[in-house]
Amino acid sequence: LDKEYLGMGEEVGIFEKDLSTFFSRTTLCVSSGTAAVQLAIEACNIGPGDEVLVPSMTYVATFQAIKATGAEPVACDINEETCLVDLQDALSKLSKNTRAIIPVHYSGGVGNLDELYDFASKNKLRVIEDAAHAFGTKYKNKLVGSFGDIVCFSFDGIKNITSGEGGCIVSNDSKIIENIKNSRLLGVEKDSDKRYNNSRSWNFDVSRQGWRYHMSNIMAAIGIQQLKKFKKFAIKRKQIALAYDKLLSSNQNILSLKRDYENVVPHIYVVRVNGLMDRDGLREAMFNEGVEIGVHYNPNHFLTFFKSNNDIVLPVTEKIYKEIISLPIHPDISNNDVEYVISTLKKLLPFYSNNAK
Ligand SMILES: *Cc1c(COP(=O)(O)O)cnc(C)c1O
């Protein structure tokens, strides 16, 4: 604030440099994770008439980002064990218009990315990873974002690190990077490099649709400090997830997602509850005991805006979504909190589910 330059300027350049060092690849900051996904799709020249494969089990942000480009999101099913996109199902949904696949790294897990990239290259698809949940996760000893086609992250208030609001795009593809440098600044050409020096273009050309999706210095200043604390945050998130895993390990009716917390930095902690009958009732009862639980997610193919004409059925998604709840996970949660969450859940569950009675 003392620097008195609040818009996109020097701090954004510094945050991008720090992130580029973190990922060992070029990183561009934008105003949100949603903006990151939209600009990445557009930069691949994907738009009206094109189709993009995406798991239905994601935040609506992914679907809206695809729609915003004019392309159609094609909702895919997930694997029951991993809750990640099912490539068999994706294969069955390929058409001559399919141009990209957006895997969603649900709860920080990434599954078998080698298989995913094989699938994409065999079918000539771009890959835009929605890594909003996976900041800090490693795959085969490499950070998610440090490899792969185009990888998008979110820095919104609840993600593994935050800049208040914000997101970033990581890629090695210089054409994609150059494209997004302009598109995030309303299409104003060559403005990014001026902004890094706290100046701007007064005479410029615009030759394409652009968006006001750049990041501000205020957001970047928060992000720079958050990145410094990330190691601590990551350790804490992993500890909480492992503590939940341990407390639930002997329970037949509350199943944790199998994630390898050596490598995964969990953004959410999801459990499947066998025979859950009244999730809203459970949520309210937990809330009254001081525990806020969430639902990630109600499938997107059920939402009015994304219902396609031919009724699609995604059996695994439709089975799982009714049974999932997310337990609190963030760096301020103590061991006592974790125990309290689980004991409260075990106490209340019999009233809201079949099996536990
Ligand atoms: C948070 C999130 C986004 C969007 O990020 P914003 O910064 O909120 O726009 C996209 N996809 C998933 C899976 C997310 O959780």
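This is a predicted model: local features need pLDDT of at least 70, side-chain atom pairs count only at pLDDT 80 or more; totals for chains, interfaces and linings use all residues.
For Tyr 297, an N or O atom of the side chain is 3.4 Å from an oxygen atom of the ligand; a polar contact here is a pair of N or O atoms within 3.5 Å. Taken alone the ligand exposes 380 Å², of which the protein buries 92%, with accessible areas computed by the Shrake-Rupley method with a 1.4 Å probe.

## The shell around the ligand

The ligand is surrounded by 16 residues, the closest being Gly 33, Thr 34, Asp 130, Ser 154 and Lys 159, where a residue is near if one of its heavy atoms lies within 4 Å. The shell divides into five nonpolar, eight polar and three charged residues, and Gly is counted among the polar ones. Helix 2 (33-43) and helix 3 (60-68) each supply at least two residues of this shell; helices are DSSP runs (H or I) of at least four residues, numbered from the N terminus.

## Arg 208

Arg 208 is placed in the loop between helix 7 (191-195) and helix 8. Because its relative accessibility is 29%, Arg 208 counts as partly exposed, a class that lies between buried (under 20%) and exposed (over 50%).

## Basis of the values

Residues are numbered from 1 along each chain as its sequence is written, and side-chain values use heavy atoms, leaving out hydrogens and water. Local features need pLDDT of at least 70 and side-chain atom pairs count only at pLDDT 80 or more, whereas totals for chains, interfaces and linings use all residues.

Methods. A polar contact is a pair of N or O atoms within 3.5 Å; within protein, one must be able to donate a hydrogen and the other to accept it, and residues adjacent in sequence count only if both atoms are side-chain atoms. Buried means under 20% relative accessible area, exposed over 50%, partly exposed in between (1.4 Å probe, protein chains only).
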